[in-house]
Amino acid sequence: MKTHCELCFHHCKLDEGQTGLCRARGCRDGRVVPLNYGKLTGLALDPIEKKPLRRFRPGSFILSVGSFGCNLRCPFCQNHEISMASEGELYTEWFSPEQLADKAAELVPQGNIGVAYTYNEPLVGYEYVRDLAALIHERGMVNVLVTNGMVEEAPWRALLPSIDAANIDLKGFTAAWYKKLGGDLDTVKNSIMLAAEQCHTEVTTLLVPGENDSVDEIRELAHWLASVDPDIPLHLSRFFPRYQMMDRPPESVERVYRLADEARAYLTYVYTGNC
């Protein structure tokens with residue numbers, strides 16, 4: 001009998017010993033478990049603005065942690081070395097939630113305000129984020145989530161009370177583009193709406209030439225985001241050739257600025273990145 005993973009819209013049906021599309025969750029002893037629990041590929045004290053968050057605790061630092069795996073297949077992924085990796089394919093270092101919470105507390109004198117779950121897709125390691133986030137709150141610190149938003153509503157609602165700020169990728173605003181990436185536009189829209197009700201929320205869109213950078217699409221995206229809350233900050237980030245899109249030119253700086261101006265017709269805060 002197959003075991004179903006109910007974390008994201010893929011709903012992977014797994015036989016015993018099999019691993020899901022995200023490479024981070026698998027069927028072991030008849031149940032779906034996070035294979036990347038406590039296995040970190042990245043740990044750094046970063047400026048909060050690097051997440052990017054521009055309107056949450058500006059000038060502060062946050063302990064940023066990442067593991068491996070992702071439930072999208074973006075051909076332009078900047079962290080594909082870890083997001084597209086499986087268990088055993090790269091070096092990881094073990095940190096229990098208690099150990100990492102202690103580490104975050106030790107860094108408070110250096111300006112640390114908490115933990116940011118980032119680098120790969122953190123929600124494919126949902127249980128680790130959930131367990132660590134509870135400990136971070138107990139210690140009086142904050143939790144920041146940097147995610148693609150590809151999560152089902154029930155686990156998302158359960159986690160949000162532990163999240164103080166989120167930056168959610170909105171990869172574009174067409175179902176066709178999301179299908180190319182292995183995702184679902186309606187799912188991320190719902191994740192953004194729910195997050196905006198619960199915590200500080202910012203949104204990032206990477207502008208890929210010829211794919212999601214038309215004026216009409218960015219106008220539609222910004223108009224929808226404003227219908228959720230016109231004060232949600234939108235980050236429009238410039239594409240550079242990466243991973244399986246080395247044949248594409250970088251997005252032009254001029255186009256990023258123009259699209260930012262278009263978005264400002266609807267949104268209070270629009271920022272440009274990689275320019």
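I count two strands as paired if DSSP finds at least two bridges between them. Helices (H or I, at least four residues) and strands (E, at least two) are DSSP runs, numbered from the N terminus.

The model is predicted: local features need pLDDT of at least 70, side-chain atom pairs count only at pLDDT 80 or more, and totals for chains, interfaces and linings use all residues. Residues are numbered from 1 along each chain as its sequence is written, and side-chain values use heavy atoms, with hydrogens and water left out.

**Entry: the sheet**

I looked up β13 (residues 234–238) first. It pairs with β14 in the parallel sense, over four bridges. L234 has V270 of β14 as its bridge partner.

I then traced the whole sheet. It is open, has eight strands and shows mixed pairing. The order reads β6-β7-β9-β10-β11-β12-β13-β14. β6 (42–47) and β14 (270–273) are the edge strands, each pairing on one side only. On average, neighbouring strands are turned by 20° against each other, direction ignored.

Next I checked helix α3 (residues 126–138). It packs on the sheet and touches β9 (112–117) and β10 (142–147); contact means heavy atoms within 4.5 Å. The direction of α3 makes about 170° with that of β9. Axes are lines fitted to C-alpha atoms, for helices over the stretch in contact, and angles run from 0 to 180 degrees between N-to-C directions.

**Entry: α6 and α7**

I turned to α6 (residues 185–198) and α7 (residues 215–228). They pack at an angle of about 35°, with axes 10 Å apart. K189, I192, M193 and A196 of α6 meet W224, L225 and V228 of α7.
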